[in-house]
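Trainee: Could you walk me through this model? I would like to take it slowly, one topic at a time.

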Amino acid sequence: MKGVDVIVGLQWGDEGKGKISYVLSKQADAVVRFQGGANAGHTVKIGETRYKFNMLPAGCLAGPRPVIAAGCLLDPEAFEREIKLITSLGVKHKPLVSESTHIILPHHRELDGRIEELRGSEAVGTTRRGIGPAYADKMLRVGIRAGETTDPQLIQSKTQLLQKLHGIDFSVDAEKLRQTISPFVGNVETYLNTVLESGGRVVLEGAQGTLLDIDHGTYPYVTSSNTLAANGFVSTGVAVKWKHSVIGVMKAYATRVGAGPFPTELDGDVAERIREVGGEYGTTTGRPRRVGWLDIPALRYACMVNGVDEIAVTKVDVLNGLSTVKACVGYVVNGVETESFTDCLMMLDDVKPVYVEFPGWSVGDDDWHAAVRNGWDDLPPNAREYLEWVEKTLHVKISLVSVGEEAGLTVQRT
Ligand code: IMP
């Protein structure tokens, strides 16, 4: 199908966008990272091998050309590592990096750490990959862009300005940047709009999640970019006129890594079990993720602000064996019950979730394989009823269900 598929996370990141991007990229011409930098960790498991990406879009393993758009931050070390990875795997298309993409420099990481330390108990829990400071330099119009790496002298003079501005002594290997980055630089706007003009298909692979959006998330406990689907167009320069579909990715439960409000957070045995079975440890930092039940008001908000057309639910298999599964349908705040996420956005720390309960499911691997072969109707009945309730509650169709980490363990709904 021609047009644009925009993949976005509907929660706090780590929804499994890497796998979904891989599945949806099989028929695509290009797959694009459109925000964030090496703070993201997108994983695809093919057969017995797990491939981890921090910088390139994970969907590129399915064949389309990997692209890094203007609104991303390019981490030179992660980029170099992943170029080597895809070269060794025989990925045939040469990656394309926008000339406007800003580069993460050593002082960005240092500042990221310093700001976190200054915040003390209010620390955001960033990945310390320099994301906030690099976007800040971009907005101050002092950043270094990928297109400038052809000119080592320019890099040196801009580095001096940055040193003076931030009062930090650091060095940049301009020649190394030239060698690593400049061969991949080009005009992403022209390339992607030309692909679409000629009837091609483009996948925009979002990173982090809706609730980490700098404007629409749980500020200040957010990342420093817009994670929403609309930014897929702004960042790439793909015109909004192209036919597009927004695919929201959500887990069958919720997780959050880093600080900030999380109304449905669990502790104790159930949390421990979900964390262990689901491998809920940060791909980028290895930190244990906080775990909780599904939060329907937050998901409804995420569907609204992204304009989600279809949902992909991941990790349904992780809840296997629990006697009961819960979902939050509203919050009690100051003694009053509400179903509105926006009413509570400023006081999410103080809300008490209202839950509905569902009977759990307990099945074997064969049952999941049967659902992969035969489709939606062969999902374990209790899991299917839970998912049917979710789509009815959110008023959005679930078109994909992931029932295992491996790329093939996916139930496609026709
Ligand atoms: P930063 O993006 O490193 O500045 O981190 C800001 C917040 O976003 C922290 O709470 C991080 O844990 C969170 N975060 C950043 N990237 C990801 C991600 O890919 N998955 C989940 N959380 C993330």
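**Charges over rings**

Mentor: Arg413 lies over the face of Trp376, at 3.6 Å from the ring centre, where a charge counts as over a ring if NZ of Lys or CZ of Arg is within 6 Å of the ring centre and within 35 degrees of the ring normal. This is a predicted model, in which local features need pLDDT of at least 70 and side-chain atom pairs count only at pLDDT 80 or more, while totals for chains, interfaces and linings use all residues. Residues are numbered from 1 along each chain as its sequence is written, and side-chain values use heavy atoms, with hydrogens and water left out.

Trainee: And which ring does Lys326 lie over?

Mentor: Lys326 lies over the face of Tyr355, at 5.5 Å from the ring centre.

Trainee: OK, what about rings with rings, how many aromatic pairs are there?

Mentor: The count comes to 6 aromatic pairs, where rings of Phe, Tyr and Trp (its six-membered ring) pair if their centres lie within 6.5 Å, and planes under 30 degrees apart count as stacked, over 60 as edge-to-face and the rest as tilted. One of them is the tilted pair of Trp361 and Tyr386, with 5.6 Å from centre to centre and 40° between the planes.

Trainee: Why does that pair tie together separate parts?

Mentor: Trp361 lies in the loop between strand 18 (352-359) and helix 12 (365-374), and Tyr386 lies in helix 13 (residues 381-394), so the pair ties together parts that are 25 residues apart in sequence. Helices (H or I, at least four residues) and strands (E, at least two) are DSSP runs, numbered from the N terminus.

Trainee: Are Trp361 and Tyr386 buried or exposed?

Mentor: Both Trp361 and Tyr386 are buried, meaning under 20% relative accessible area, whereas exposed is over 50% and partly exposed is in between (1.4 Å probe, protein chains only). Phe358, Trp361, Tyr386 and Trp389 form one aromatic cluster.

Trainee: Switching topic, what is the strand order in the open sheet?

Mentor: The open sheet of 10 strands has the order 9-7-5-2-10-1-11-15-19-20, with mixed pairing, and two strands pair if DSSP finds at least two bridges between them. Its edge strands are strand 9 (185-186) and strand 20 (410-412), each of which pairs on one side only.

Trainee: How many bridges join strand 15 to strand 19?

Mentor: Strand 15 (residues 310-314) and strand 19 (residues 397-402) run parallel and are joined by 4 bridges; in strand 19, Leu400 is the bridge partner of Ala312.
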